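Let's take a walk through this one together. Have a look at the model first, then read on.

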Amino acid sequence: MCMSEEDRHFSAELAVIGTGLAGFAASIFALKRNIKTAQVGNTGAVAYTTGYLDLLGSLAPDYLASIEDPWQGIEQLRDSHPRHPLCRIPKDDIFTAFEQFTSFLGKCGIAYTPPGEFNVSGLTPAGTLKPTLCVPATMQVGSAAFSQKEPCVIIDFKGLKGFSSRQVVANLKDRWPKLSSKRVEFPDMVSGEIYPEVMARSLEVPATREKLAKILASAAGDVKVIGLPAILGMHAPDLVREELEQLTGLQIFEIPTMPPSVPGIRLREMFEQLFPQKGVTLIPQQKVDRLVFIENGAQLSLNDSFGPISIHAKSVILATGRFLSGGLKAGVDGVSEPLLKLPVTQPDSRREWYREKYTDRRGHAVNSAGIEVDSSFRPLDNHGRPYSKNLFAAGVILAHQDWIRGRCGAGVAIATAYKAVEEVEKLLK
Amino acid sequence: MTEKTIPTLNFKEKAEELLPEGASFEACLTCGLCSSGCPASGIENMDPRKFIRMAMLGMDKELSTSKWIWACTQCKRCQHVCPMSIDISQLVFLARSNWPREKKPAGIVRSCQLIQSTDSTSAMGLPPEDFVFVVQDVLEEVREQQPKFKNMQAPMDKKGAHFFVNQNSREPMSEPDEMVPLWKIFDIVGANWTYSSKAWAAENFCMFSGNEEAWREVIKKRVDAVNELGCEVWLNTECGHSYYTMWNGINRFGMKADFKLESLVTYYARWIREGKLPVNSDWNRKNITFTVQDPCMIVRKAYGESIAEDMRFVTKSLVGEENFIDMQPNRSANYCCGGGGGFLQAGMTEHRRTYGKRKFDQIAATGASYVLTPCHNCHSQIEDIGHHYRGSYGVVHFWTLICLSLGILGENERTYLGPDLLECI
């Protein structure tokens, strides 16, 4: 390439590597503490989230029943699994982390319920219940209607895959007798497959809301509460829901759909738009190629289609996630951490990765593999010492947790990001 | 004569050749974020996820003949939202290349042929001498009729000028007065610029037609012309794909270019920041609202956030911050309008408007009275879908609004202003 171009350099007090829930949470907490932050990561898995923010929904080793009190659950974990990341953070800090995270989202246009003492039951597209600490405001009525067992119609749409009101009703009917289902047509959608994302964007147009309101009112009949797949707008969901409620005179709530689900896309688009406005140097869609620690900081190197970018940062939070996002890599010789070659705690051999049955409730050993950190959330090297005083880690890359079985993905992400940023602040001072 | 058939491509094999080591279309999780976020999903019963799955399943015959590849604008939004960063547009380009010329949409092929037919590289076939004549003619008229600009220049083939300025053919060919606001801006900031009689045109449908050799030839002509005049910057005016085809082409074909490629939008922002372009929004007393369309070709596919930010800075400076409403989604996540990829020339009007419905909804959701966009294809498509879906917005170029704000917009330069904007002059 012979065309003239310029290298781009940025400097920051903190570089967050990763654009999943943990990475975004870290940037939010850093903003709150006025830490100058740069964040890099490829698209990541945020768009796959249901929107529910769980803390702890089920307990190891058997993950049998859902737990109602996540705080007590963490106390139990402290005895049984003291190395679980959630056990290494004081309860008050976890609570504050959830409070700050949800209030940030609320101020940016996606209202959430604040953290409470108990889990609430989030509805899923499979008609199951997910124990979760915070729910988007658009979904709150559903949890309440379920606990009151109010008469309710779940509505789905012709051409929409990944959400069946009949399925939801079939699985909940025993516990929610006055639940029924209806299928309607979404206004002005050409025939064929339609996507929640498209419906959500279309509902940002007032005229579409008016047309849909008529359809919904007619489908509801005498019932006053209706549940819809999560399609109530993309960047102003609370406004869309409120307007539809006014137009129909009904109480309306959302249920997440199968991925790609609108609540996840909402979060990602919001972060990508707002962080730069708030002063975060955000470089989305790119992976860090190289990370080296130098005196008093680190140098990150990456490339986009325009050429090289380098970032100098005084501290780094590694929030690169697990296998899907590339934070961990599974190979014939085992699980590795590709960016810094950090040692990964893992089963002794591949044969021990999985149990006999994939659906075994106890989960699989490989899912608790991950990197080790010290009490300040600094990753450890092969000698059990911090890799660098300037490096911290957050999120599900950490060992000793199975976030899927434990229903604690958001909890681990948000709480450890909070803790890591707190440690970064100490370092910078 | 027997009719040519479309040869069958081995997509999986080709994909493996194209991708960098370690990358694989098999990494696709089939999650559907691509299809969910693609305005071409459903057209010709195809979508990006289906395309990848069919390629992986070896359904080469069906894919090789699918007309969907002409409805995909290669906007790369699918790759942008893909957690595995899978680039489907590469396969679409391959598929386009694979169609015999006789089968390809005639409009795109014709535009590429016209580009090759003269040294202008103009998709409307305007030869160099005609371009020189039109520029001279319009310039003389402005000098005579607008005393403020009686000494204005529109230099041609000026060696050593800082900026080599390109021009979409639509202006000299169909609406020559639209060149004038641009010249006035250069005049006001004192830019050292030139047009070239050769390779002055911006558009490049050869890339869209899947004709790689022709694409290379066009870029070669343009690179040579800039090198010959010794300009430091090839300045792309308000035309999206011309930038991308040039930038991508120079890299792809390993050409030697002794100059930088820049977008006019970046300079608008710079000149406003430096005070050289003293625009303000005082004229907008009636609080007329505006949104901006981020052209895929210069935002998502090229500069990314920095140019999107410049565009918003320019817009807010021009219309007032309170009168700017962003489209959702926007910047790199924005949807293609449906005018890209040669769609406007492909003669598939119904499909193009189906595609454009998403853009229409985005604009309708803002409620803005005008869309500003620095891209001709966006401009034409957004106007068309506005009429088709009975929208009430207008579409304007940045140069028009800049000159309006500066109080120097001539009478013949107001084609795209609605009555509300005309009253502000």
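**Domains, a hairpin and a chain contact**

In chain A, the C-alpha centres of domain 1 and domain 2 sit 33 Å apart. Domain 1 of chain A covers 8-109 + 266-428, and domain 2 of chain A covers 125-255; these bounds come from an automatic or database domain assignment. Keep in mind that this is a predicted model, where local features need pLDDT of at least 70, side-chain atom pairs count only at pLDDT 80 or more, and totals for chains, interfaces and linings use all residues. Residues are numbered from 1 along each chain as its sequence is written, while chains are lettered from A and ligands numbered from 1 in the order in which they are written.

So how do the two domains meet? On the domain 1 side of chain A, 16 residues are in contact with 13 residues of domain 2 of chain A (contact: C-beta atoms, placed from the backbone, within 7 Å). Helix H3 (91-107) and H9 of chain A are the elements giving two or more residues to that side of domain 1 (helices, H or I of at least four residues, and strands, E of at least two, are DSSP runs numbered from the N terminus). H9(A) gives the most, with three residues.

Now on to chain B: 28 residues of chain A are in contact with 27 of chain B. Here helix H6 (196-202) and helix H9 (262-277) of chain A each supply at least two residues to the chain A side.

Finally, the hairpin. Strands E3 (residues 120-123) and E4 (residues 129-132) of chain A pair in the antiparallel sense over four bridges (pairing takes at least two DSSP bridges). Val120(A) stands opposite Thr132(A). Five residues lie between E3(A) and E4(A), and Gly127(A) in the turn has a positive phi of about 80 degrees.
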